Amino acid sequence: MIKLLVVDDEAEICDFLKAFFSDRDFDVDVAVSGETAFQKVQDFRPHVVLLDIKMGKVDGISVLRQIKEKFPQTKVIMVTALETTEKIEEAMRYGADNYITKPLSLEYLEHDVREKIANLVVKP
Amino acid sequence: MSPYDKKRKRILKRILVGLTLFILSVTFLILANFFFGDLLADWGDGNPVLWICFTTIFAVLAYPPLDQLYTWLFRQILFPRRSRIFLHLDRLTQEIAVTTDLPELANLLVNTLGEVLHFKTVSLLVRSPQGEGFIITSAHGWSVTDYRKLRFPVGSPFLELLKAAGPQVLLRERVIRSLSWQEANHLTGLFESLHANCVIPLWVKSELVGSINLLLPSAHYPLDEGDLRFFRDFGAEVARSLRNTLAIQDLRLLNEELRDAQSQLLQNAKLTAIEQLATGIAHEIHNPLTIISGKAQVLLLQRERKTYDEKVEEVLKTIVKQTRRAADITKKLLMFSRTSASPREKLRLESVLEDTISLLSYQTSLEGIEIRKLVGQDLPDFYGNVQELREVFLNLILNALQAIGAGGLIQIGITFQKNEKLFVIQVTDNGPGIPPENLDKVFNPFFTTRPEGLGLGLFVTQQIVHRYGGSIRAESETGEGTLFVIELPFQDPAVPNGEASVASETGGSKVHDPAVSRGDRI
């Protein structure tokens, strides 16, 4: 089963993403702040992280850096409300695997997630 | 000296020379006859032609020294040229001293020297404003296109020559005589390119500011020491005025640069504010949109399930809530983006405050929050827009409400400072306060510490206060509550809005009255 972690400070966004991916046989966990995100990554060891860029005190970029430092094999897809921002460039520089913009197209997102982990050997 | 004067002078000189020559020749004839009369009588048989020949030879030989003598005498006694030139130049230095514009100064100088004193060419070399050398600013007697081409960069031979000479006036012949053949050749070229045979360097202490370059007519040309001293003193006077003018010009340039930089900065600041706002709007509106579309998409995928109906209700509720959230953002944005002045009328600030408090009474009573009002005596009427002022009070009270928990206290004071003509509104809460690092951000658009907040309330409040030419600031210490102070200038209905706010903005925002400082909280 593919393990997916959703990180977004909007609980409602976490909610529906969890509902959607759970339906599609993903093992989904959520984190509603940057502060708790890295702990979740360490505990849950996801294959893919959906990571919101703009969050309260600890933003997505610093979470990304922590993840890529400790678990470089973890795929990280950045989620952002803005397409034209240096934040995306910064994220790509720190090793983000892709980015998607809000509002989300769930089917495209699922496709993207599956594509990212296609090369990984996923243990059942 | 006018050409007519010159002609008169020349004729007078010729008559005098002729007369003197005649007297001298007759004297010569008499004397020769007296001393050598016998000898010549024997030799030439007393022929008068011989006498005339001798006299003519004498006259021809005596003419040049006589002419020189009279020229000198004319200069010294009959036509005191130097004193007249002195008068002209003295007047010129006085005029130059009060000229602050460089081109004006340069034109005045070269044209006066050229037209009044009849120097063949006159040019003024001046340190260029960018400081990369010297250029000719104005010239008389040669064409603009010619002198515009000339550039004397720092270290060029002519400047080195000026520097070496110090304040001494340079005469082409004298300079050249003291140099080797090759150097002399080079310098002759330089003097020719300047159309000059006399250069007056302009020094102020040890700073070379330029030079006056003259082509003197040959009649004046062999200048004596007196002339040179005189030119040098004149040069010193001009140098002082020129340096002042250059300083003013530099200042003017710097001022322009500063103004450009400032407007650029303002432009950038404005762009940043728009960027900041656009980023904020996109983010704030995309979040509710993401929730709406995400939930709807999930629901669509689940329509075959048994629990579908229950889910529909939940999702619809979310959609209603999130659309309201998005609409709130646009409403708030409209509040401050309104460019036309909102209609203003006479109103009483305390009644606007009371209305606002009653709007919130349900919420405050529910949470056991007390709002205490302290309104000063004899408050004058305020000219403003009720909606805007209600928004100001509402945002400040809401901000305080969100900061304090149940059982908190909010105090609102309105006073009028007669001397400053300022309304002072103070809103104090006994909440946890604002951390110092956030204090300067509270008025930024979309800055909020609450997940549900928009971060537009205080921003909009600030915009409204500024619209009235007022100021707003926050003071807070962690754990000691927060104080917001608004100062609004008294709006005189007789004065149009714009003028009143501009006039008061300068004075109003700077006022610091001890009564509104933290120590004297209401």
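Predicted model: local features only at pLDDT ≥ 70, side-chain atom pairs only at ≥ 80, totals over all residues.
Residues are numbered from 1 along each chain as its sequence is written, while chains are lettered from A and ligands numbered from 1 in the order in which they are written.

**Entry one: the hairpin in chain B**

I looked up strand 10 (residues 409-417) of chain B and found that 8 bridges join it to strand 11 of chain B, the two running antiparallel. Q417(B) has L422(B) in strand 11 as its bridge partner. This hairpin has 4 residues between the strands, and K421(B) takes a positive phi near 55 degrees there.

**Entry two: strand 11 and its other partner**

I then followed strand 11 to strand 13 (residues 482-489) of chain B, to which 8 bridges join it, again in the antiparallel sense. Here V427(B) stands opposite F484(B). Next I checked burial, calling a residue buried if 20 or more other C-beta atoms lie within 10 Å of its own, exposed if 12 or fewer, and partly exposed in between, with C-beta atoms placed from the backbone. In strand 11 (residues 422-429), 8 of its 8 residues are buried. Both faces are covered, with L422(B), V424(B), Q426(B) and T428(B) on one side and F423(B), I425(B), V427(B) and D429(B) on the other.

I turned to D378(B), which lies in the loop between strand 8 (370-375) and strand 9 (382-384) of chain B. D378(B) counts as exposed because it has 6 other C-beta atoms within 10 Å. I also noted that D378(B) and F416(B) are 38 residues apart in sequence but 8.2 Å apart in space, C-alpha to C-alpha.

In chain A I traced an open sheet of 5 strands in the order 2-1-3-4-5, with parallel pairing. Strand 2 (26-31) and strand 5 (98-101) of chain A stand at the edges with a single partner strand each, so one side of each is left without a neighbour in the sheet. The twist averages 20 degrees from one strand to the next. Strand 1 (residues 2-7) and strand 3 (residues 48-52) of chain A pair in the parallel sense over 4 bridges, and L5(A) stands opposite V49(A) in strand 3.

Technical notes
Pairing = 2+ DSSP bridges. Axes fitted to C-alpha atoms, helices over the stretch in contact; angles between N-to-C directions.
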